[in-house]
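Subject: Structure handover

Hello,

Here is the structure you will be working with. Please open it next to this email and follow along as you read.

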Amino acid sequence: MIIPIYGYGEPVLRQVGEEITPNYPNLSAIIDNMYDTMYNAYGVGLAAPQVGLPIRLFIIDTEPFSDSNDLTKDEQLQLKNFKKTFINAKMILEDGKEWGFNEGCLSIPDVREDVYRNERITIEYCDENFNKKTEVFDGLIARVIQHEYDHIEGVLFTDKISMLKKTLIKKKLQNIMDGKSFPDYRMKFANKKGRS
C-alpha cells in the first residue's frame, strides 16, 4: 500500500528514532508499505520517519543507480542486486576519503545539492527477521545508507550543506512546508492540512 511521504518541516523528521522489537505492531506490513511507497516515488531509500514513524527502520534498493555508465560492470552488478532492510541500525565507523555527490530526498522534492560523505562505513543492524549483522559498505551503497541512517538520527541532507546554499534553497523549503510542492507522489505537508 502506498502511503504519504512526510515533507520537510514535519516534526517527526527531526526525531531520533527509537529501537524496536520483533513484536512491533504490523512490522512486516509497514516494511511492505515502505517498499511500495519508495518504488512509487522512484526512490532508492526510505526511512520510517519519512512515513511518520519515529523508529529505527529504513529500507534501500540501489537498483536505479545500476545503469550509470560511469560505473564499472562490477559496481553496476553490485548496485543492481542491493536491496536491504535495516532495523535498529548503529553506525560503528565512517572512514575513508570524503567525496561529493548530488543528493536528493523524497521528503524534500525538487531540491538537490552536493553532499560530502565518507567513502566507507561499518554498520551494525538487524534484517527484517531480526538477524543481527555487522557489515562494511563503500561507494554509492555506503552513501545511500548514510543518507537513510541520518533520517533515523533526525538529520536531513540539507543540514550538511553550506550556509550560502541553505540561504539559496530557503524559499523552496518554505514552499514544501506550505504544500506548494507538487511531486508525482503523495505527501503530507507541515503547514497544509488535508492535502496528501
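First, a term. Helices (H or I, at least four residues) and strands (E, at least two) are DSSP runs, numbered from the N terminus. This is a predicted model: local features need pLDDT of at least 70, side-chain atom pairs count only at pLDDT 80 or more, and totals for chains, interfaces and linings use all residues. Residues are numbered from 1 along each chain as its sequence is written, and side-chain values use heavy atoms, with hydrogens and water left out.

**A loop residue, Q50**

Q50 belongs to the loop between strand 2 and strand 3. Is Q50 buried or exposed? Buried means under 20% relative accessible area, exposed means over 50%, and partly exposed is in between (1.4 Å probe, protein chains only). Q50 has a relative accessible area of 1%, so it is buried. Its side chain makes a polar contact with the side chain of S107, at 3.1 Å. A polar contact is a pair of N or O atoms within 3.5 Å; within protein, one must be able to donate a hydrogen and the other to accept it, and residues adjacent in sequence count only if both atoms are side-chain atoms. Contact in general means heavy atoms within 4.5 Å. Leaving aside neighbours within four places in sequence, Q50 has contacts that include P4, Y6, C105 and H151.

Strand 3 covers residues 57-61. 5 of its 5 residues are buried, so the strand is largely enclosed by the rest of the structure. In a regular strand the side chains alternate between the two faces of the sheet. Here both faces are covered: L57, I59 and D61 are buried on one side, F58 and I60 on the other.

Which strands pair with it? Two strands pair if DSSP finds at least two bridges between them. Strand 2 (residues 45-47) is joined to strand 3 by 3 bridges, and the two run antiparallel. Strand 4 (residues 83-105) is joined to strand 3 by 5 bridges, also antiparallel.

**Helix 1 and what follows**

Helix 1 (residues 27-40) has 14 residues. Y42 follows the helix, with a positive phi near 55°.

V44 sits in the loop between helix 1 and strand 2. V44 is buried, at 17% relative accessible area. V44 and E63 are 19 residues apart along the chain, yet their C-alpha atoms are separated by 7.5 Å.

**Rings and charges**

Rings of Phe, Tyr and Trp (its six-membered ring) pair if their centres lie within 6.5 Å; planes under 30 degrees apart count as stacked, over 60 as edge-to-face and the rest as tilted. The count is 7 aromatic pairs. In one, W99 and F101 have ring centres 6.0 Å apart and planes at 65°, so the pair is edge-to-face. W99 is partly exposed, at 24%. F101 is partly exposed too, at 25%. Elsewhere, ring pairs link F58, F82, F86, Y125 and F137 into a cluster.

A charge sits over a ring if NZ of Lys or CZ of Arg is within 6 Å of the ring centre and within 35 degrees of the ring normal. R143 lies over the face of W99, 4.3 Å from the ring centre. The charged end of K83 sits over the ring of Y35, at 4.8 Å from its centre.

Best wishes

Key
Expected span 1.5 Å × (residues − 1).
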